[in-house]
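This report describes one protein for a reader who is new to structures. Please keep the sequence and the model in view while reading.

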Amino acid sequence: NLDKKKARAVFLVAAPYRDPSSKDKLADFALPADLSRLEKLGDKLHFYSSEDDPIVPFSSHKQYAKELPSALATVFKDKGHFLMAEFAEIIRDIREAFAVQ
């Protein structure tokens with residue numbers, strides 16, 4: 001049961017936000033009406049977005065930030081849809097999440 005298990009962190013990269021009433025091209029990425037469960041999945045919730053993403057509009061990031069204010073948001077100007085060989089920032093954050101404390 002997912003409600004009883006908790007991850008150290010949850011990382012979402014270029015996550016589309018789709019209002020249930022929307023008919024946009026990302027329509028098959030349906031979200032529940034209440035996003036608070038995302039915050040409960042892990043100790044930390046990370047979002048990574050890029051202002052120049054040609055697939056997921058930056059308005060998705062703004063909507064997540066509004067609905068999940070406790071999430072850690074990292075915004076880039078020039079990472080597109082994150083189709084790259086290396087993503088140093090997420091590696092850093094994953095290592096930080098799993099560092100021995």
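## The model and its confidence

The structure is a predicted model, in which local features need pLDDT of at least 70 and side-chain atom pairs count only at pLDDT 80 or more, while totals for chains, interfaces and linings use all residues. Residues are numbered from 1 along each chain as its sequence is written, and side-chain values use heavy atoms, with hydrogens and water left out.

pLDDT is the predictor's confidence in each residue, from 0 to 100. The protein has a mean pLDDT of 84, and 81% of its residues reach 70 or more. Helix α1 (residues 36–41) has the lowest confidence, with a mean of 81, and strand β3 (residues 72–76) has the highest, at 95. Where pLDDT is low, the predicted coordinates should not be read in detail.

## Overall fold

The protein contains three helices and three strands. Helices (H or I, at least four residues) and strands (E, at least two) are DSSP runs, numbered from the N terminus. Along the sequence their pattern is β-α-β-α-β-α.

A contact means heavy atoms within 4.5 Å. Of the contacts with a separation of 6 or more, 80% are between residues 24 or more positions apart. Of the 101 residues, 33% are buried; buried means under 20% relative accessible area, exposed over 50%, and partly exposed in between (1.4 Å probe, protein chains only).

## Helix α3

Which residues of helix α3 are buried? In this helix (residues 88–97), they are E89, I90, D93 and A97. These residues lie on the same side of α3 because they cover an arc of only 95 degrees around the axis; the arc is that of the directions from the helix axis to the C-beta atoms. An α-helix has 3.6 residues a turn, so residues three or four places apart point the same way. On the other side of α3, A88 and R95 are exposed.

The buried residues of α3 pack against β1 (7–13), β2 (42–50) and β3. One of them, D93, has a relative accessible area of 8%. Leaving aside residues up to four places away in sequence, D93 touches F11, H46 and Y48.

## Two loop residues with positive phi

Most residues other than glycine have a negative phi, and most peptide bonds are trans. A14 has a positive phi, near 50 degrees. This residue lies in the loop between β1 and α1, and A14 counts as buried at 8% relative accessibility.

F82 also is not a glycine and has a positive phi, of about 60 degrees. F82 is in the loop between β3 and α3. Its relative accessible area is 10%, so F82 is buried.

## Aromatic rings

Rings of Phe, Tyr and Trp (its six-membered ring) pair if their centres lie within 6.5 Å; planes under 30 degrees apart count as stacked, over 60 as edge-to-face and the rest as tilted. By this rule there are six aromatic pairs.

Y48, F76, F82 and F87 are linked into a cluster by ring pairs. The charged end of K79 sits over the ring of F76, 5.0 Å from its centre. For this, NZ of Lys or CZ of Arg must be within 6 Å of the ring centre and within 35 degrees of the ring normal.
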